[in-house]
Amino acid sequence: MPTVSVKWQKELFRAIEIDTSQSPYVFKCQLYDLTGVPPERQKIMVKGGLLKDDADWSTLGVKEGQKLMMMGTADEIVKAPEKGPVFMEDLPEEEQVVAVGHTAGLFNLGNTCYMNSTVQCLHSVPELKSALIKYPYPGRSNELDQSSHLLTCATRDLFNELDRNVKPVAPMQFWMVLRKKYPQFGQLHNGTFMQQDAEECWTQLLYNLSQSLKSPVSSENLDIVKALFGIELISRVHCAESGEESSESESIYALKCHISQEVNHLHEGLKHGLKSELEKASPSLGRSAIYLKESRINDLPRYLTIQFVRFFWKRESNQKAKILRKVDYPLELDVYDLCSDDLRKKLEAPRQMLRDEEGKKLGLKTKQKSSSSRNDDVKMPDVEGPSNGGGEPSTDTLQEGNKEMHLTGIYDLVAVLTHKGRSADSGHYVAWVKQESGKWIEYDDDNPIPQREDDITKLSGGGDWHMAYICMYKARVVSL
């Protein structure tokens, strides 16, 4: 990649890398980050003419160290009204977004909406941002391969850039490092980067961060990503034919919502996802047999991620096909009945506290429950839980300042990643993220759009419109 300098007005920007595998529009996005001049206003002189958005770099003869000249005016700063009250509803859409406290959008660098939507969802997790700010830990980067270290640094820097800006950001450095670490995201078709699966990007990025963000300060070498997103499952594996039975445990980062003709709601799909059949060797039968695996949640995370299993491999067309069936999901999710008996016992006291708090709000008298009582089937009312600030989760408690906060098994929806189209390798991905103000923003690449909360649960499928592919919920906690 050649390195050039660009002169704009009285400023000279040095050592700007040009990715010649990308269109000049991507280069203009880089200059937009530096100068504030939108790509459509940029006039860049090269080889006796103006640089076009779709020009072929190989024909332009740009050389290492070459100086380019750019003309164009930067965006004007929006001035506050001089007098008289202005209501948010009367502001232009872009200013409405600023008013509700959003962060910047991300330019699409060529079929990178899968990456942009993933970044926007994960960027909404304040505890993850806090951990990244402290990275690299002393000596930590020396333990990792270079590509893992660079991707974590690029994630940290992109998160910081999103927080500092209102205008869209070009995630060029992050994308380049992501492709180097995971080459599948650099696949080309007819010279153009291909659309990729957002769930795969989400999973790979979290895995990379989980390796980097293990705090060496902790005696247990705490895995921060696992503490925030990790789900512990305990499973009973049973063979009806031989009567053999065993138990096993595993740690995952997302629950699966399986979709079939019987599934109309997220909760039904989660129950299906916790059951599976597998074929393996039976010691007592001396041959392969079918085993039924039934799982329960044994440890809950601060942020519960759920993937809707909408894509499957279609042999006839030799590509991923999509299940368009409508599956409703709630703003408030209770996973109590999906938990193991041990975890349910730990959740009982916090859930009672939550009921008591709601009762006080309604002016009702509350009755304390004894520690030995059980109430497995109680359903929670719709309540607004206490503020969920920073802190690092442990098995069933979280530390918030000087308070020890306890999980309740109740979660609030904070982000939805949607897909529009018929195939995972085509179509369009968008992130819908709840802000600290409680308002929702749709991040359609570089275009953040305010949305009503009522419209978020309408992204449930049943047609060709955007439908939920990944949902992220935040734990509702109480202090006992």
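**Gln9 and its loop**

I started at Gln9, which is in the loop between strand S1 (3–8) and strand S2 (11–17). Strands here are DSSP runs of E with at least two residues, helices are runs of H or I with at least four residues, and both are numbered from the N terminus. This is a predicted model, where local features need pLDDT of at least 70, side-chain atom pairs count only at pLDDT 80 or more, and totals for chains, interfaces and linings use all residues. Residues are numbered from 1 along each chain as its sequence is written, and side-chain values use heavy atoms, with hydrogens and water left out.

Gln9 is not a glycine, yet I read a positive phi of about 55 degrees for it. Is Gln9 buried or exposed? Gln9 is exposed, at 52% relative accessibility. My cut-offs: buried is under 20% relative accessible area, exposed is over 50%, and partly exposed is in between (1.4 Å probe, protein chains only).

Then I checked Ala15, which lies in strand S2. Its phi is also positive, near 55 degrees, and Ala15 is exposed, with a relative accessible area of 61%. For background, most residues other than glycine have a negative phi, and most peptide bonds are trans.

**A cis bond**

I noted a cis peptide bond between Tyr135 and Pro136, with omega about 5 degrees. Pro136 belongs to the loop between helix H4 (126–133) and helix H5 (146–164).

**Lys67**

Lys67 is in strand S5 (residues 67–71), and I logged it as exposed at 54% relative accessible area. What does Lys67 contact beyond its neighbours within four places in sequence? I found Ser5 and Leu12; contact means heavy atoms within 4.5 Å. Val4 sits 63 residues from Lys67 in sequence, but their C-alpha atoms are 5.9 Å apart.

**Whole-protein numbers**

I wrote down 11 helices and 22 strands for the protein. Buried residues are 47% of the 480 residues. Of the contacts with a separation of 6 or more, 68% are between residues 24 or more positions apart. The accessible surface is about 24,000 Å², with 49% of it belonging to carbon and sulfur atoms; areas come from the Shrake-Rupley method with a 1.4 Å probe, and for residues only the protein chains shown count as cover.

**Rings**

I paired rings of Phe, Tyr and Trp (its six-membered ring) when their centres lie within 6.5 Å, calling planes under 30 degrees apart stacked, over 60 edge-to-face and the rest tilted. How many aromatic pairs are there by this rule? The count is 9. Tyr182 and Phe185 make an edge-to-face pair, 6.3 Å centre to centre with 80 degrees between the planes.

Phe311 is buried at 13% relative accessibility, and so is Tyr469 at 2%. I also found ring pairs linking Tyr114, Tyr182 and Phe185 into a cluster.

Next I looked for charges over rings (NZ of Lys or CZ of Arg within 6 Å of the ring centre and within 35 degrees of the ring normal). Arg179 lies over the face of Trp175, 4.4 Å from the ring centre. The charged end of Arg344 is over the ring of Tyr336, 5.2 Å from its centre.

**Sheets**

I counted two strands as paired when DSSP finds at least two bridges between them. Strand S8 (residues 231–238) and strand S12 (residues 287–299) are joined by 7 bridges, and Ser235 has Ser295 as its bridge partner in S12.

Why did I call S22 largely enclosed by the rest of the structure? Because 12 of its 13 residues are buried. S22 pairs antiparallel with strand S13 (residues 303–309) over 5 bridges, where Ile306 has Cys471 as its partner. Strand S18 (residues 403–420) also runs antiparallel to S22, joined by 11 bridges, and His419 stands opposite Met467.
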